[in-house]
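Hi everyone, thanks for coming. Could you put the sequence and the model up on the screen for me, please?

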Amino acid sequence: MPVRFASRLMLVLALVGVVPVLLLGGVSFRANRDELHQLVGGLQTQSAMELARSCRQLVLVGVDNLRLAAEYLPLERLEPHEASSVLSIPLRQLTALNLLVLVDGQGRAVAPAVYTPEARGNRQRVTEASLDLFSRQAPVQAALSTGAAIGPPYRTPEAAGGRVALAVRAGENASRLLLAELSLAELGRRVEELAQEGGLAFVVDHKGEPVAHTGPGATLSHEERGLVLEGLSLGTPVVRTVRGVDGIEYLAAFAPVPDLGWGAVVGRRASQAFAPAEHVRRYTFFWAVVALVATGVLGLVLSRGVGQPVAQLSEGVAALAEGRYDQRVPEGGRDELGLLARSFNRMADELQRRETELRGWSEELRQRVDERTRQLREAQDQVARTRRLAALGSLGAGIAHELNNPLTGILGLLSLSSEEVPATSPLGQSLRMALEQARRMARIIRELRQMAEQEREGAGRPLELAQPVRAALQEVREELEARGVSLTCELSESVPRVLGHADQLQKVVAHLLQNAVTAMPEGGSLTVGLSAVESDAVCLSVKDTGKGIPESLRERIFDPFFTTKDEPGRVGLGLSVAHRIIEAHHGRIRLESAEGQGTLITIILPAVGGEAHLA
């Protein structure tokens, strides 16, 4: 009963002392804020309309000046070599123009554009990037239809303020157009003046994109863009409070730019615009605090015995809601509050135990999902690469079959011709060069045919993989010594046999060794390893310290005719042939490389007696 009495007393005191102050203060604050919104918003609307008129005048004056220049000058009769010198006259007079260029009816320049590279006054700097933007934004077709046209405004990173492309006919029935890039630097300075002392000002085009802006990155916040889009759709001034990209709230006004479809926005910080209303709110809060303190002092004696335990329980509940299960509350007293505290602590212990179990299960499940996802992705990549290589191999085999017979005739004719012509004559030298290239073509065609025939050669016979590995090492030993490459062999003796063709596997190892040697033109270290994998597979690895393979090229490294080597005579079939041979032996080949740190190629082959192919 005392607890209920204290609560009711505190409630009555709060209602009598605090609620009236808050209600009166809230009503007064709202009335003052609405009045200030109307007054300051009207002033901002006037400023926005003035900025819009200045923008319209700047662009239309530019069009008029360009039209006068086109009518005054004999542009239709100018020769290309005369155009640049003639256009430099109006360019010097019209300081708001960045450049002038004369084009024909298809938009092709009659002569190079005339401009001043460096910024000066209202004129902005012209670069290759700005010229490219100007050529894309120039309203050539619109000017051919109407006689004069204004393109969409655009901005360049190297210059403040926007730009807009203008176009007018060189005469009433002329086939040429005079194009100009109008600088909006003057508009940008006007925007900067309006945005001084923490204000907001910018101009947007018909799509709502900034043309002149002083904010960070020249971007609009979500609320600013909403104000602009509403004003552009209505075509009338709009006033509202918006939050800028800097997180500051503004009282902003939008005004449409007549005839252009653009818009101008001018704003003032809300903290400045609504300062009198904020004073009323602060006074309201002050007196509300005074009333609350008085209420607290009056009810402290009766509520202290209840408020502290309830607050501790509230903190404990909030901690549980946030996931902090180690939070406990004091269990003092044997009354209902003490019983509630003990029950709460037991509940927290149980929740903490279950949370620990759930986290363990979740982590285990996540690891399993990640592992399965990785395995599935590797399997999908392997299947896709195998299908792609199979299709390319079939295509190459068909082409090789069709080219083999005519190439054989060409080789015979070239051989006979070279024997009948003196070797020292120019014709004899040319015939020998042609014969060498034809033999190279024959070798490529033979490798293409071998790629297609590998899968039809059967399973092979059991063999020791170390034998073809040593034979391949013997082939490149002299080249290793010549290039200064140190060789390290880690060939385990207790390796199970594999089922396959020794000559094909030797060719695979030879290709891998040759690629590794080529990747180390200035010498390096080459490591060849052979080991067993859980007694049911054999692992062969070739690792070099060469220049590595960029990540963007690794997906294509097994494609036919793709190579990263600059040496002549290499056609890009080595790794493709190796991949097809390993696939035909039901194995798997994997490449790991880091640019500038070397390459590791790993081959996994099933041991004899394996019931299934490697995934």
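**A helix and its surroundings**

Let's begin with what covers the buried residues of helix 12: the cover includes strand 11 (461-463), strand 12 (485-491), helix 13, strand 14 (524-533) and strand 15 (537-544). Please keep in mind that this is a predicted model.

Which residues of helix 12 are buried? They are Ala466, Pro468, Val469, Ala472, Leu473, Val476 and Leu480.

Now look along the helix itself. Helix 12 runs over residues 466-483, which makes 18 residues. From its first C-alpha to its last it reaches 25 Å, close to the 26 Å expected at 1.5 Å a residue. Where does helix 12 bend? Find Val476, where the bend is about 45 degrees. Just after helix 12 comes Gly484, with a positive phi of about 75 degrees.

I'd like to show you the second largest cavity, which holds about 40 Å³ of space. Its lining is made up of Leu465, Leu505, Val508, Val509, Leu540, Ile582, Ile603 and Leu605. By class, that is eight nonpolar residues, with no polar and no charged ones. Helix 13 (502-518) and strand 17 (598-606) each supply at least two residues of this lining, and the largest share, three residues, comes from helix 13. Helix 13 is also part of the cover over the buried residues of helix 12.

Start with Val191, in helix 6 (residues 185-194). Is Val191 buried or exposed? Buried counts as under 20% relative accessible area, so Val191, at 1% relative accessibility, is buried. Leaving out residues up to four places away in sequence, Val191 touches Leu51, Ala201, Phe202, Val203, Ala212 and Thr214. Val191 and Val265 are 74 residues apart in sequence, and 9.4 Å apart in space, C-alpha to C-alpha.

The other one is Arg169, in strand 4 (residues 163-169). Arg169 counts as partly exposed because its relative accessibility is 22%. Setting aside neighbours within four places in sequence, its contacts are Ala70, Ala143, Leu144, Gly147, Ala174, Arg176 and Leu177. Among them, Ala70 is 99 residues from Arg169 in sequence, with 7.1 Å between the two in space, C-alpha to C-alpha.

How values were computed:
Residues numbered from 1 in each chain as written. Predicted model: local features only at pLDDT ≥ 70, side-chain atom pairs only at ≥ 80, totals over all residues. Heavy atoms only, no water. 1 Å grid on protein atoms, 1.4 Å probe; cavity = no way out; pocket = protein on both sides within 12 Å on 5 of 7 lines; lining within 4 Å. Points joined across faces, edges and corners; volume = space filled by probe spheres on them. Helix = DSSP H or I, 4+ residues; strand = E, 2+ residues; numbered from the N terminus. Nonpolar A, V, L, I, M, F, W, Y, C, P; charged D, E, K, R; others polar. Expected span 1.5 Å × (residues − 1). Bend = angle between axes of the 7 residues up to and from the residue. Buried < 20%, exposed > 50% of the residue type's maximum accessible area, 1.4 Å probe, protein only. Contact = heavy atoms within 4.5 Å.
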